[in-house]
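Have the structure open as you read.

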Amino acid sequence: MADSKEAGAEAPPAGAAARGGLSLLSQGESEEPSAQGSALFLGGNEVKSRAVVKYSSAPPRTAFARLEEKTDLKLPPANWLRESAKLGPAGTTILGNSRKSKPFSSFGMAYDFIDSVGNDVDVVSDSENIKKLLKIPYSKSHVSMAVHRIGRTLLLDELDIQELFMRSSQTGDWTWLKEFYQRLIDQKWQRKKKSKEHWYQKAILSKFLYYSINGDGAAQPVPSATEQQESSSSDQTNDSDGASWPAPFEMPSSVSEDPSASSQGSEPLEPSYIVGHVASAPKEQNLTPLFNDGENSQGLKNDFVRNILWTFEDIHMLVGSNMPIFGGGRYPAVSLRLRDNNKPINVLTGIDYWLDNLICNVPELVMCFHVNGIVQKYEMIKTEEIPNLENSNFSTKVIKDIAQNILSFLKSNCTKEGHTYWLFKASGSDIVKLYDLTTLCEETEDKYQNPFTMPVAILLYKVACNMMMKKNQNKKHYGTVRTLLLNCVKLLDKSRHPQIIASANYMLSELFQLDEPKKEESSESPLNENSDESYSEEEEEMPDSDENGSYSTGSDPSDDNKAVAIIKSVGELSVPEKYKSIHQIRPSCAFPVCHDTEERCRLVLSYVLEGLKSVDSSIKKESDLPAADPNTPIPLKYEDESTRGGPEGLEKQMALFLDKMGSLQKGNYSSQSGMIPGSWQHKMKLQLILKSSKAYYVLSDAAMSLQKYGRALRYIKLALQSHDTYCCLCTNMLSEVLLFLSQYLTLCGDIQLMLAQNANNRAAHLEEFNYQTKEDQEILHSLHRESSCQGFAWATDLSTDLESQLSVSCKCYEAANEILQFSDLKSQNPEHYVQVLKRMGNIRNEIGVFYMNQAAALQSERIVSKTVSTAEQQLWKKSFSCFEKGIHNFESIDDATNAALLLCNTGRLMRICAQAHCGAGDEFKREFSPEEGLYYNKAVDYYLKALRSLGTRDIHPAVWDSVNWELSTTYFTMATLQQDYAPLSRKAQEQIEKEVSEAMMKSLKYCDVESVSARQPLCQYRAATIHHRLASMYHSCLRNQVGDEQLRKQHRVLAELHYSKAGKLFQLLKDAPCELLRVQLERVAFAEFQMTSQNSNVGKLKTLSGALDIMVRTKHAFQLIRKELAEEFDQPKSEETPPAADSSPTLNREEVTKLLSIFESRLSFLLLQSIKLLSSTKKKTSSNLDEDAVLKTNKQVYSQLLRATANRNASLLERADLLVRLLDQLARGGGGSAVAQ
């Protein structure tokens, strides 16, 4: 249809002098009557009427010619049945279209104004049908109309019973209705012929109208006799013409293959395949044109001269009108009528004229009176005066009540969408009956015999399409759209209309948003509510005395059970609000509430499957395909890894895959079923397959989040099989679809990785993976019609081998990344690109760690030998390569934290390499090798790189602390090995000591003892150990060194410093009493060593005093040892109580015994030396009270210690307990501070 525009604003009442405004017409046509509204005040009763011309095909309006008196209308004018530029084609001239309305005329209008249907329009119909309904209480004529409901809109069409049954006798169609009609309504039905008078009056009217258009001789003959006959109203209108009543509508195969449509007769829409991207389509051209010109000729075309949106009171109607409209009166438009002067105007004629003028918004009526065809006079009447004409008085208020009552009656009873209702009033009868023809038809053998079925289904489909196109507002209408589509599918025969059924199912699947959480509009609505119809049975059959429960007592009782509703007397229609509707024409169609993602996806897949079945059933080459039983599961081709060649085989499969992806860019097409590229089957199947792949992807993602990894792999396999089929069928791969594939492969990689990490539950995952629903089998069967679906088999097999699973996961991410490189997807989808690279970095880290652990395991199993095995070296290389690639991945997306972690892992690999080289040679002859040093230094480099990558601790404190700890550990290990296995054959002792000292100090630098964290005790222990080792080293140097006094002094100071720091740090720890004891004993030994070089008694006594102080300060260590021993002693008594999870590690009893013995002997030695020195000093000098007290205490302690050590049967606990008491005694008696001054 050409573009039509709408105009309309409230205007002065009809009859005002200035009636401005133009109707906005299409195809360059001139003015129509004003499109503005009018409010009429007639007889004190206000009737609101407003008309807006939505479309007009009339040529420019011409003024009517006033005929002279005595003009003989029986004689044809010179221009009769001819056409000119003024008149337009004969038959659609300014005179209007005089042909009889087609039986599907309302559908033609509905198709053209699809926006209005289902929402804001109550009625769509021919103006003649509207007039006939509103005249029911005044007329004895029969009324026969078909009523259909689409949303809240009713479509009314004339149902010409006579013509229908004439056709039935010729074709055999509608026999069931003919039998029903004869049985229940008119048992003696016969064809009623129209009188000669009828044809005479039509001929006179036609000649009068042609006379009235100022024929100037310019008219030309009509081109064809056929068209002349069609446009002639003087010839007998061929009421029984076969074209006006189509047979039960079937879509021939030729139509299905090449659908095209004509929208307003002259401008066909672009032929396009069914639906396409419905949800995102901005123009109607993307929707399905379902009719070709042959179908239009069957009456499915809007052939009215003008379509008007008429609002009568609160009723909104889309009306088709063919009334001739002229100019030339006092107003911009007049209607012209011919009347026999001998026959006065009656009420029916008055209502007819009044309604015609209201509908077309014509303010004036011009009547020409004639007697036997001879013109007598003209009379001009305002529209608002028509109800008050002599012999034609009627109340406009009553007409308004009739309109409201009839609409309410129909709304309340025509409840089922897609059903054909029949409103019937027999001639001369007062009873109006409503039948449900669809229900009656379903009782017959062929339920598709109803010729309205197809147009109704198509209209349901078109309205749904239109609602889907309004993307911004359509979610609130999803319930309505779903109901429309379900009713559409319900009406159609699957074998006859596969294209529409496939499209409707695709649109049903599009209603469910897979990429976002479902926003339920009604949480109270159960899933299956409104699944087929928007009314419940109770609502449809609710009895009401006024509307559908009151029957005429005179009617045949057998008639009652067939009628849906009955108006027992037409007089009731004039009673205000007698049939006030208590039902909405459509209650809110609640969209199904899907409580979870799986439920939503399963609904989508059920619609996709129905669509695929429709497409497959229409493909002709079905016989060429091997037969497959949908009930037989399709084998999933599970293979053991040994048959596939492991990760090495993956390389070949990846190469084939990438080659295939490259060929997709060139648009290679291969279909096994023989579908023609570009056919509707091809395009529809592509869309359905793509939808199924999306649904399976979402299902897989949901299963992944539930940790059902076997199920997730099964779903992603189905998604990739769908996509593989799509690739085989697609002639032009869209970047959006490539992006989907990249996302599918990314998820597949995630699933394979999780399966690798959850190998302990492999049996359950395998069971989930091999399970298949019947629906999945049938969808897969449809996919196998087009392709082998093996394009992604390398990515979706469930392997039993950990290395293979990790390799498959990595290849999935690599493939996803390769796809992003094919077009500009990388820059268009930066977030997805970053995610893919992150995953690639992560999986390469996982594989690197896997190979590294394997190398470590080989190393631990290896018997000490001089050489490293080739297998180990190969694993190192593989691991290093993975780490290197992973670091590159993370660095390319500026992910410093993860890059640092991989650098840290590379450092760990270097340490494993270093450890592998430490086993060479005899343990006693072993030295720290250059290879060890090389790898440890490489490890240090990688750890430092990791710190540089992070920059500061603020970036990621946990990772920063971890790297620092590893770096400290590396330095510490290197220093320890150099100290314990000094490479004296290659380096001097001084150089080794210097390197050890430097490494130990660097280890201290990266060992954070201050920060409070879970690692703090470890750091403190590490730092204490470093100080202890350094102190021991300087102590050893001092013992072995002679000569350079300056250096000796320096070593002495350093040894004392580090012993002191080690002691303080060990005292902070609760679980290192042995270490603390050892440090303190070494400090005592260091004091003893110093004492040997002293000559004076005072100096010796001072040193002894310091050593005893150190001994006293070891009390803390013995308290810890005593506590541990006491707990061990108590534990057997209470075996029921398990040890606390955080209890300290069990003491090494052997070490404790050894340390206790050493401590006892050293304490005994120190006390003895102290007693000797104090005694000799006392003899030489005068008595000193302090010294006496110290001497006395030392003697007591020494005595007790000697007795205790003599007792060989004392337990460790008793010995520790005694030492604590003795040290306490010494501390109180000042045993070590006699000469501290």
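Strand β12 (residues 364-371) and β13 run antiparallel, joined by eight bridges. Within that pairing, V371 sits opposite I374 of β13. Bear in mind that this is a predicted model.

Zooming out, the sheet is an open one of four strands, ordered β10-β11-β12-β13, and its pairing is mixed. The edge places go to β10 (325-326) and β13 (374-382); each has a single partner strand, so one side of each has no neighbour in the sheet.

| Helix | Strands involved | Angle to β11 |
|---|---|---|
| α5 (residues 196-211) | lies across β10, β11 (334-340), β12 and β13 | about 135 degrees |
| α9 (residues 347-360) | touches β10, β11 and β12 | about 165 degrees |

Now for the lysine. K135 lies in the loop between α2 (127-134) and β4 (143-150). Is K135 buried or exposed? At a relative accessible area of 16%, K135 counts as buried, since the cut-off for buried is under 20%. Leaving out neighbours within four places in sequence, K135 is in contact with L348, I351 and D352. With D352 there's also a side-chain polar contact of 3.1 Å. K135 and I399 are 264 residues apart along the chain, yet their C-alpha atoms are separated by 8.1 Å.

One last stop is helix α30 (residues 896-916): its 21 residues reach 30 Å from first C-alpha to last, close to the expected 30 Å.

Terms used. Residues numbered from 1 in each chain as written. Predicted model: local features only at pLDDT ≥ 70, side-chain atom pairs only at ≥ 80, totals over all residues. Heavy atoms only, no water. Helix = DSSP H or I, 4+ residues; strand = E, 2+ residues; numbered from the N terminus. Expected span 1.5 Å × (residues − 1). Pairing = 2+ DSSP bridges. Contact = heavy atoms within 4.5 Å. Axes fitted to C-alpha atoms, helices over the stretch in contact; angles between N-to-C directions. Buried < 20%, exposed > 50% of the residue type's maximum accessible area, 1.4 Å probe, protein only. Polar contact = N/O pair within 3.5 Å; in protein donor to acceptor, adjacent residues only side chain to side chain.
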